[in-house]
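Trainee: Could you take me through the sheet in this model, and then what packs and pairs around it? I would like one connected account.

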Amino acid sequence: MGTRAERGMSAPPEVVFNTATDPDRASAWLPEPLRRDGGERPQASAAQLRARWSSDSAPGWSAEIQVEPMDAGGSRVRLDLSGADADGLADETLANLEREVDDNLTAG
C-alpha cells in the first residue's frame with residue numbers, strides 16, 4: 001500500500017534535501033523498515049532535489065521525496081511512501097523530517 005503527503009518547510013530547499021539525504025539524520029526520520037541494511041543511503045539527484053530509498057530486507061518498502069522551492073526561501077516537500085503498513089505514515093514521516101531540518105538549522 002502507498003500513501004502521499006506534502007508539507008511546507010521554512011528552510012531553503014537545499015537544506016531540506018541535504019538533511020533528508022544525510023545518512024546520520026535519515027535514521028531519525030525514515031520509517032524503521034527503510035533504516036535496515038544501510039537503507040539510509042538513497043539514490044539521489046541533488047540537481048533535481050529528488051531522492052529514493054528502498055530496503056532489501058523489507059520488500060515493498062520505499063520512500064521518495066521531491067523538494068521544491070517556495071516563496072520567501074521556504075520549501076515544499078512531497079513524500080511518496082510505500083510499504084505493508086505505510087498507510088497514514090507519510091504525514092508522521094514528514095513531521096519527523098521537519099524536526100530534523102529544524103534541528104539542523106539551529107545546530108548550524
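Mentor: Happy to. Two strands count as paired if DSSP finds at least two bridges between them, and helices (H or I, at least four residues) and strands (E, at least two) are DSSP runs numbered from the N terminus. This is a predicted model, in which local features need pLDDT of at least 70 and side-chain atom pairs count only at pLDDT 80 or more, while totals for chains, interfaces and linings use all residues. Residues are numbered from 1 along each chain as its sequence is written, and side-chain values use heavy atoms, with hydrogens and water left out.

Let us begin with the sheet. It is open and has five strands in the order β1-β5-β4-β3-β2, with antiparallel pairing. Because β1 and β2 (43-45) each have a single partner strand, they stand at the edges, and one side of each is left without a neighbour in the sheet. Neighbouring strands are turned by 10° against each other on average, direction ignored; axes here are lines fitted to C-alpha atoms, for helices over the stretch in contact, and angles run from 0 to 180 degrees between N-to-C directions.

Helix α1 touches β1, β2, β3, β4 and β5, and its direction makes about 165° with that of β4. Helix α3 touches β1 and β5, and its direction makes about 30° with that of β1.

A salt bridge is a side-chain nitrogen of Lys or Arg within 4 Å of a carboxyl oxygen of Asp or Glu, and the structure holds six of them. D80 forms one with R78 (3.6 Å, N to O), and salt bridges that share partners join R4, R78 and D80 into one network. Another ties α3 to the sheet: E98 in helix α3 (residues 89-107) and R7 in strand β1 (residues 2-9) are 91 residues apart, yet their closest N and O atoms are 2.7 Å apart.

Now for the nonpolar side. A nonpolar core is a set of buried Ala, Val, Leu, Ile, Met, Phe, Trp, Tyr and Cys residues joined through side-chain atoms within 4.5 Å, where buried means under 20% relative accessible area, exposed over 50%, and partly exposed in between (1.4 Å probe, protein chains only). The largest such core has 27 residues, and W29, W53, I65, V77, L81 and L97 have the most contacts inside it. Helix α3 gives the most to this core, with five residues. Among the contacts of V77 are A5, V16, I65, V67, L94 and L97.

Finally, W29 and W53 form an aromatic pair, 5.3 Å centre to centre with 90° between the planes, which is edge-to-face. Rings of Phe, Tyr and Trp (its six-membered ring) pair if their centres lie within 6.5 Å; planes under 30 degrees apart count as stacked, over 60 as edge-to-face and the rest as tilted. This pair links helix α2 (residues 23-29) with strand β3 (residues 50-54). W29 is buried at 1% relative accessible area, and W53 is buried at 0%.

Terms used:
Contact means heavy atoms within 4.5 Å. Lists of a residue's contacts leave out its neighbours within four places in sequence.
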